[in-house]
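Hello! Here is the structure I promised to pass on to you. Have a look at it first, and then read my notes below with the model open beside them.

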Amino acid sequence: MTFDVRRFDIYRKVPKDLTQPTYTGAFISICCCVFMLFLFLSELTGFIATEIVNELYVDDPDKDSGGKIEVSLNISLPNLHCDLVGLDIQDEMGRHEVGHIDNSMKVPLNNGYGCRFEGEFTINKVPGNFHVSTHSATAQPQNPDMTHIIHKLAFGEKLQVKHVQGAFNALGGANRLQSNALASHDYILKIVPTVYEDLSGKQRFSYQYTVANKEYVAYSHTGRIIPAIWFRYDLSPITVKYTERRQPIYRFITTICAIIGGTFTVAGIIDSCIFTASEAWKKIQIGKMS
C-alpha cells in the first residue's frame, strides 16, 4: 500500500471542462483586480511614507550641552547707528555681559543711519534675558530710536522637517517700525525643549518658544528715556519629542494578504449569488413557457 501525499491537498483543482465562464463573472473579476490594485498601491504608499509621532515628557533631553543653549538673532534697527547698537546678556546664575561681540556682525543700513545686527551666542539653561540697547555705547544718544524688524530668533539646532510645523522662529518677521520710537519692547519667551529622532535613531535637539510682548516708555533714575529691546526667557520643564516611524514589513504583508483574500472571497460570494439568481430566473422562465 503506497502513501499518497496528495490527499493533504486542501486546494483541490477543478477540471476546466467542469467550469462555466460567464460575462458577469468576467466583469466582477476585472472590477476585483482593479480594486485590489488600488488598495495595494494605497498600502504601498503608506508603507514607504514615514509617520511623525509626537510625545511629551518631563526631562532635559540634551544633557551633553553643558547647560547651554545656542541662540541665533538677526534684527534690523533702521534708525539707530551701528556704533550705538549692542547686545547685553544676563541671567540668574550671575552672568552679566554688556556689549557682547563674539560671533556677531553689524551691517549698516540706510546710508549708515541704521543697523542690522546678526549674532550667535549661548545662554545658560536658567531664567534670564538678553537685550539690544545702547548701554554699551561710549556716549548715550539723546533720543535713541528702537523701532525694529526681527528677521530671526531661534534657539538650538536648526530643524527643517517637512511634517513638523513648530514655533522654532516665532518672532521671525515681527515688525515694530510703526511703534513709538522711544518705547522699550519686552518679549517674554517660554522656551520648550524639542527633540527630533529620525528612522536611524539619530537625535537632533532644538527649541520652540511661545512669545508675549508689551511696549512701554522706560525712564532712568536721571529722568532720561533709555529704550531697549528685551528678550526675557524661561525654560519649560516639558519636552516635545518627534519620532519618525515606518510601518513594519510584517504588517504590510499581512495587510496585502488580507486585501487579496478578502477581495477574492467577497467577489466570489457576489458572483455566486448573481449566478444562482440568474439560473433560478432561467428555470422560472422555462417553466412558464412549458
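Predicted model: local features only at pLDDT ≥ 70, side-chain atom pairs only at ≥ 80, totals over all residues.

**The aromatic cluster**

A pair of aromatic rings is described by the distance of the centres and the angle of the planes. Which ring does Phe-121 pair with edge-to-face? The partner is Phe-130, with 5.2 Å from centre to centre and 75 degrees between the planes. Phe-130 is also buried, since its relative accessibility is 0% and the cut-off for buried is under 20%.

Phe-130 has another ring partner, Tyr-233. Their centres lie 6.0 Å apart and their planes are at 35 degrees, so this pair is tilted. Where in the chain do Phe-130 and Tyr-233 sit? Phe-130 belongs to strand β7 (residues 128-133) and Tyr-233 to strand β12 (residues 229-235), so the pair links distant parts of the chain, 103 residues apart. Tyr-233 is buried as well, at a relative accessible area of 3%.

How many aromatic pairs does a search of the whole structure find? There are eight. Ring pairs join Phe-121, Phe-130 and Tyr-233 with Phe-155, Tyr-187, Tyr-209 and Phe-231 into a cluster. While you are looking at aromatic rings, find Trp-230 too: Arg-232 lies over the face of this ring, 4.4 Å from the ring centre.

**Salt bridges**

Side chains of opposite charge can pair when their charged atoms come close. The count of salt bridges in this model is five, and here are some to look up.

- Arg-95 and Glu-97 meet through their side chains in a salt bridge, at 3.1 Å from N to O. Glu-97 is partly exposed, with 25% relative accessibility.
- Lys-190 and Asp-234 form a salt bridge in which the closest N and O atoms are 3.6 Å apart. This pair links distant parts of the chain, with Asp-234 in strand β12 and Lys-190 in strand β10 (residues 184-197), 44 residues apart. Asp-234 is partly exposed at 30% relative accessibility, and Lys-190 is partly exposed with a relative accessible area of 34%.
- Glu-197 and Lys-241 also meet in a salt bridge, at 3.2 Å from N to O. Glu-197 is in strand β10 and Lys-241 in strand β13 (residues 238-245), so the pair ties together parts that are 44 residues apart in sequence. Are these two residues buried or exposed? Both Glu-197 and Lys-241 are buried.

**Far in sequence, and how far in space?**

Asp-234 and Val-126 are 108 residues apart in sequence, while their C-alpha atoms are 6.7 Å apart in space.

**What the record says**

Now zoom out to the annotated regions. An unreviewed UniProt entry annotates residues 20-41 and 249-270 as "transmembrane region". In the model, residues 20-41 are 86% helix and 0% strand, and the end C-alpha atoms of that span are 32 Å apart. Residues 249-270 are 100% helix and 0% strand, and their end C-alpha atoms lie 32 Å apart.

The unreviewed entry also carries the annotation "domain: Endoplasmic reticulum vesicle transporter C-terminal", covering residues 110-271. What is the helix and strand content over residues 110-271? The chain there is 14% helix and 43% strand, and the end C-alpha atoms are 80 Å apart.

One last thing to find is on the surface. Leu-37, Phe-40 and Leu-41 form a nonpolar patch there, with about 270 Å² of accessible area together. Leu-41 lies in helix α1 (residues 23-48) and is partly exposed, with a relative accessible area of 45%.

Enjoy exploring, and write back with any questions!

Terms used:
Residues numbered from 1 in each chain as written. Heavy atoms only, no water. UniProt positions renumbered as here; feature names shortened; annotations may be inferred. Helix = DSSP H or I, 4+ residues; strand = E, 2+ residues; numbered from the N terminus. Phe/Tyr/Trp six-rings, centres within 6.5 Å; stacked < 30°, edge-to-face > 60°. Buried < 20%, exposed > 50% of the residue type's maximum accessible area, 1.4 Å probe, protein only. Lys NZ or Arg CZ within 6 Å of the ring centre and 35° of its normal. Patch = residues over 30% accessible without salt bridge, like charges linked within 9 Å, V, L, I, M, F, W, Y side chains within 5 Å. Areas by Shrake-Rupley, 256 points an atom, 1.4 Å probe, with all protein chains shown as cover. Salt bridge = Lys/Arg side-chain N within 4 Å of Asp/Glu carboxyl O.
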